Amino acid sequence: MTAISKDFTVAELTFSQIASRQGIPNIPSAAQLANLEDLCTTLLEPARALLACPLHVDSGYRSPAINTLVGGASDSAHLDGRAADIIPIGWTLLAAFHALRGSVLPFDQIIFECNAWIHLAIAEFGSQPRRQALIAQGGPGHWSYKAA
Ligand SMILES: [Zn+2]
């Protein structure tokens, strides 16, 4: 288990159920790995500290093939290793979403995704975080978003 930050591992941030079931590699480049590290340090560790609980990472980095399989947006921040879908353990998802959204965390985007997980993304390198909060509805391939 290679640690990527204090509480997160590379394995957690690159695991994909579809990838492992279908034998598709999901290996980030050095640049994508650097983004994942930045994501952990900038958002995931502070979110973990703020909520005072472990975060289950449902999806972090996604290769283009995996992103297509899961119905991710073609410009998804997961493709760059800038996003993770998290489930805070011991919180109701909506309460955790509001706690994170109301915090000073420098997220580029936070999305409440159909009561299944919370998408947290950092800004592209050199860009200011937009602090955009959205609520997603629909499903893979037909998501729609409204401001939270
Ligand atoms: Zn996501």
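Helix 3 has 22 residues, and at 1.5 Å a residue these should span 32 Å; the C-alpha atoms at its ends are 30 Å apart, which agrees. The expected span here is 1.5 Å times one less than the number of residues. Helices (H or I, at least four residues) and strands (E, at least two) are DSSP runs, numbered from the N terminus.

This is a predicted model, in which local features need pLDDT of at least 70 and side-chain atom pairs count only at pLDDT 80 or more, while totals for chains, interfaces and linings use all residues. Residues are numbered from 1 along each chain as its sequence is written, and side-chain values use heavy atoms, with hydrogens and water left out.

Helix 3 bends by about 40 degrees at Cys 40; the bend is the angle between axes fitted to the seven residues ending there and the seven starting there. The buried residues of helix 3 include Leu 36, Leu 39, Cys 40, Leu 43 and Leu 44. Buried means under 20% relative accessible area, exposed over 50%, and partly exposed in between (1.4 Å probe, protein chains only). The buried residues of helix 3 pack against helix 1 (10-14), strand 1, strand 2, helix 5 and strand 4, where contact means heavy atoms within 4.5 Å. After helix 3 comes Ala 52, with a positive phi near 55 degrees.

Six strands form an open sheet with mixed pairing, in the order 1-2-4-3-5-6. Strand 1 (55-59) and strand 6 (144-147) are the edge strands, each pairing on one side only. Two strands pair if DSSP finds at least two bridges between them. Strand 3 (residues 109-113) and strand 4 run antiparallel and are joined by five bridges; Glu 113 stands opposite Trp 117 in strand 4. Helix 3 (residues 30-51) packs on the sheet, touching strand 1, strand 2 and strand 4, and its direction makes about 140 degrees with that of strand 4. Axes are lines fitted to C-alpha atoms, for helices over the stretch in contact, and angles run from 0 to 180 degrees between N-to-C directions.

His 78 (NE2), Asp 85 (OD) and His 119 (ND1) coordinate the zinc ion at 2.0 Å. Donors are N, O and S atoms within 2.8 Å of the metal (3.2 Å for Na, K and Ca); water is not among the atoms, so sites may look incomplete. The donor residues follow the spacing H-x6-D-x33-H in sequence. His 78 lies in the loop between helix 4 (64-69) and strand 2 (83-88), and His 119 lies in strand 4 (residues 117-121), 41 residues apart. His 78 is buried, with a relative accessible area of 2%, and His 119 is buried at 6%.
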